[in-house]
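These are my notebook entries on one chain. I wrote down each thing I looked up, in the order in which I looked.

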Amino acid sequence: MKKFLFTLVIALGSILGANAQKFALVDMDYILSSIPNYEMANEQLNQLSQRWQKEVEAVAKEAETMYKNYQNEMVFLTDEQKKKKESEIVAKEKKAAELRQKYFGPEGEFYKKRQTLMRPIQEDVYNAIKKVSEERGYQCIFDRASSADIIFASPRIDVSNEVLEKLGFSK
C-alpha cells in the first residue's frame, strides 16, 4: 500500500507538472461515527444480523440433534428407516446452509439491507468530500483511517471537520 501511495503521488506530480499540489486527509471512521444516521443504521444491521444468525443456528442445532438421535437409535432401525432418517438430516442441514446463504451470502438479505441503509450516507459523505476538495483546490484527499501506511500527517491537512460541516454536523 505504501508503494502504491508513493507511486500515486509521483504519478500525480508528473501529471500536474510544476503546479503546486494540494493534498488533504480525512478520517472516515471519525466522520461516520459523528453521523447519527450511520450509527442507527449500524445498530439496525447488528440487530438483523443477530436475529438471522440465531435463526440459522437454530436450524443447524436441529440438524445436529437429529443426527445425535439417529446415532443413538441406529442399531434399532431398519435399512429403510436409516435411509429416511439420513435424508431428513441432510435436508435439515441443507436448509441451514440455504438460510445462511439467503441471509449472509454475497447477494443475501444482509448485503441488500446494508446497501439500502449505507449507500445514501456514503454518497452524502463522498459528495461533501468532493465539495471540500473543489472549494479548497485539493487534487487528492486520502482516508487516514484506512491507510496504515500514513505514519505522520500534519493535523492542518485533516479536513474531516469541514466535511462534517458540509454534511450539517458541527464538531
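Entry 1. Which residue lies over the face of tyrosine 138? I found that lysine 22 does, at 5.2 Å from the centre of the ring. I remind myself that I am reading a predicted model, so I looked up its confidence next.

Entry 2. For the protein chain the mean pLDDT is 87, and 88% of the residues reach 70 or more. Over residues 1-18, however, the pLDDT is below 50, and this stretch has 15 contacts in the model beyond near neighbours in sequence. I will be careful with that stretch.

Entry 3. I turned to helix H5, which runs over residues 109-136 and includes serine 133. H5 has 28 residues and reaches 40 Å from its first C-alpha to its last, close to the 40 Å expected at 1.5 Å a residue. I also noted a bend of about 40° in H5 at methionine 118, with proline 120 following within four residues. Just after the end of H5, glycine 137 takes a positive phi of about 75°.

Entry 4. Is serine 133 buried or exposed? Its relative accessibility is 14%, and because buried means under 20%, serine 133 counts as buried. Leaving out residues up to four places away in sequence, I saw that serine 133 touches Tyr138 and Ile141. Tyr138 is the residue whose ring has lysine 22 over its face.

Entry 5. I then listed the buried residues of H5, and besides Ser133 they include Leu117, Met118, Ile121 and Val125; Met118 is also where the helix bends. What covers the buried residues of H5 includes strand E1 (23-26), helix H2 (28-33), helix H3 (36-73), strand E2 (140-143) and helix H6 (160-166).

Entry 6. How many aromatic pairs does the structure hold? I found five. In one of them, the rings of tryptophan 52 and tyrosine 103 have their centres 4.7 Å apart and their planes at 0°, so I noted this pair as stacked. The pair links distant parts of the chain, since tryptophan 52 is in helix H3 and tyrosine 103 is in helix H4 (residues 79-104), 51 residues apart. Tryptophan 52 and tyrosine 103 are both buried, and together with Phe104 and Phe110 they form one aromatic cluster.

Entry 7. I stayed with H4, where lysine 92 is found. Its relative accessibility is 19%, and because the cut-off for buried is under 20%, lysine 92 counts as buried.

Entry 8. Last, I looked up alanine 60, which is found in helix H3. At 30% relative accessibility, alanine 60 counts as partly exposed. How far apart in space are alanine 60 and alanine 97? I noted 8.2 Å, C-alpha to C-alpha, although they are 37 residues apart in sequence.

Technical notes. Residues are numbered from 1 along each chain as its sequence is written. This is a predicted model: local features need pLDDT of at least 70, side-chain atom pairs count only at pLDDT 80 or more; totals for chains, interfaces and linings use all residues. Side-chain values use heavy atoms; hydrogens and water are left out. Helices (H or I, at least four residues) and strands (E, at least two) are DSSP runs, numbered from the N terminus. Buried means under 20% relative accessible area, exposed over 50%, partly exposed in between (1.4 Å probe, protein chains only). Contact means heavy atoms within 4.5 Å. The expected span of a helix is 1.5 Å times one less than its number of residues. The bend at a residue is the angle between axes fitted to the seven residues ending there and the seven starting there. Rings of Phe, Tyr and Trp (its six-membered ring) pair if their centres lie within 6.5 Å; planes under 30 degrees apart count as stacked, over 60 as edge-to-face and the rest as tilted. A charge sits over a ring if NZ of Lys or CZ of Arg is within 6 Å of the ring centre and within 35 degrees of the ring normal. pLDDT is the predictor's confidence in each residue, from 0 to 100.
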